[in-house]
Amino acid sequence: MDLLPGISWKPQPPGFGKMSKENRILVVDDEPVITSTLSNYLSRAGYQNVRVVNDPMAVKAEIDTFNPQILLLDISMPQLDGLKILERLSDQIVNDSLMVIMVTSSEEDHVKRQALVLGARDFIAKPVDPVQLIHRLENAVAGKPNREFILHCLPPKANRSTNDTTPPQ
């Protein structure tokens, strides 16, 4: 079924998209106040398996031990930004064993496009609204929104190659 020209909906396997309060969620941000706030929001919404990481260099190790289904990932971090982390996690993202939602204050379309191309499912703007956080989390697990649909909806100036390092105009 085509949503828009060239964008089709793909049926998901049985059991896909069942949000459970037992889903393992990893929250990554270099600012402890942000990870603490997001963790509290998730806890108050009933999510029981939430861990936080404030050191972007420790993300891969935590993913290997915790094996989260959902990653809430900041884009702008020192040493290793969220886009580089997405690149390193490409195998898990491609296999749908990890769903990534970017948490960002960035309004730059080319950054969002690159995150989507690398496998992010959605974005949550900072400061994070708790109702929007839970809604977007549940939509991502349910297979909505469709990453290809979001890419299609970005403004035309964002339709550049991910290898293009030219700043937006």
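Q: Which residues of α6 are buried in this predicted model?
A: Leu 133, Ile 134, Leu 137, Ala 140 and Val 141 are the buried residues of α6. Buried here means a relative accessible area under 20%.

Q: What do the buried residues of α6 pack against?
A: They pack against β3, α1 (32–44), β5 (70–74), β6 (99–104) and β7 (122–125).

Q: How do you know whether the length of α6 is close to what is expected?
A: Helix α6, residues 130–141, has 12 residues.

Q: What makes Asp 129 a cap of α6?
A: A side-chain oxygen of Asp 129 lies 3.1 Å from the backbone nitrogen of Val 131. The cut-off for a polar contact is 3.5 Å, so a pair at 3.1 Å qualifies. Asp 129 caps the N-terminal end of the helix.

Q: Why is the peptide bond between Lys 126 and Pro 127 called cis, and where is Pro 127?
A: Omega of the bond that joins Lys 126 and Pro 127 is about -5°, and the bond is cis. Pro 127 has its place in the loop between β7 and α6. Most peptide bonds are trans.

Q: How do you know that the span of α1 agrees with its number of residues?
A: The 13 residues of α1 should span 18 Å at 1.5 Å a residue, and the end C-alpha atoms are 18 Å apart, so the two agree.

Q: What makes the buried residues of α1 line one face of the helix?
A: The buried residues in α1 are Thr 35, Leu 38, Ser 39, Tyr 41 and Leu 42. Seen down the axis, they fall within an arc of 160°, so they line one face of α1. Elements that cover these residues include β3, β4 (49–53), β5, β6 and α6. Turned away from the buried side is a face with the exposed residues Pro 32, Val 33 and Arg 44.

Q: Which residue with a positive phi follows α1?
A: Gly 46 follows α1, and its phi is near 100°.

Q: Why is Gln 92 called buried?
A: The relative accessibility of Gln 92 is 19%, which is under the 20% cut-off, so the residue counts as buried. Gln 92 is found in helix α4, residues 90–94. Not counting residues up to four places away in sequence, Gln 92 touches Lys 60, Ile 63, Asp 64, Ser 97 and Leu 98.

Q: Why is Glu 22 called partly exposed?
A: Its relative accessible area is 46%, between the limits of 20% and 50%, so Glu 22 is partly exposed. Glu 22 lies in the loop between β2 (7–8) and β3 (24–28).

Q: Which residues is Glu 22 in contact with, leaving aside neighbours within four places in sequence?
A: Glu 22 is in contact with Gln 48 and Asn 49. Gln 48 is 26 residues from Glu 22 along the chain, and their C-alpha atoms are separated by 5.9 Å.

Q: What makes Lys 112 sit over the ring of Phe 123?
A: The charged end of Lys 112 is 5.9 Å from the centre of the ring of Phe 123. The distance limit is 6 Å, so the value falls within it.

Q: How many residues does the protein have, and what percentage count as buried?
A: The protein has 169 residues, of which 39% count as buried. There are seven helices and seven strands.

Key: Residues are numbered from 1 along each chain as its sequence is written. This is a predicted model: local features need pLDDT of at least 70, side-chain atom pairs count only at pLDDT 80 or more; totals for chains, interfaces and linings use all residues. Side-chain values use heavy atoms; hydrogens and water are left out. Helices (H or I, at least four residues) and strands (E, at least two) are DSSP runs, numbered from the N terminus. Buried means under 20% relative accessible area, exposed over 50%, partly exposed in between (1.4 Å probe, protein chains only). Contact means heavy atoms within 4.5 Å. A charge sits over a ring if NZ of Lys or CZ of Arg is within 6 Å of the ring centre and within 35 degrees of the ring normal. The expected span of a helix is 1.5 Å times one less than its number of residues. A polar contact is a pair of N or O atoms within 3.5 Å; within protein, one must be able to donate a hydrogen and the other to accept it, and residues adjacent in sequence count only if both atoms are side-chain atoms. The arc is that of the directions from the helix axis to the C-beta atoms.
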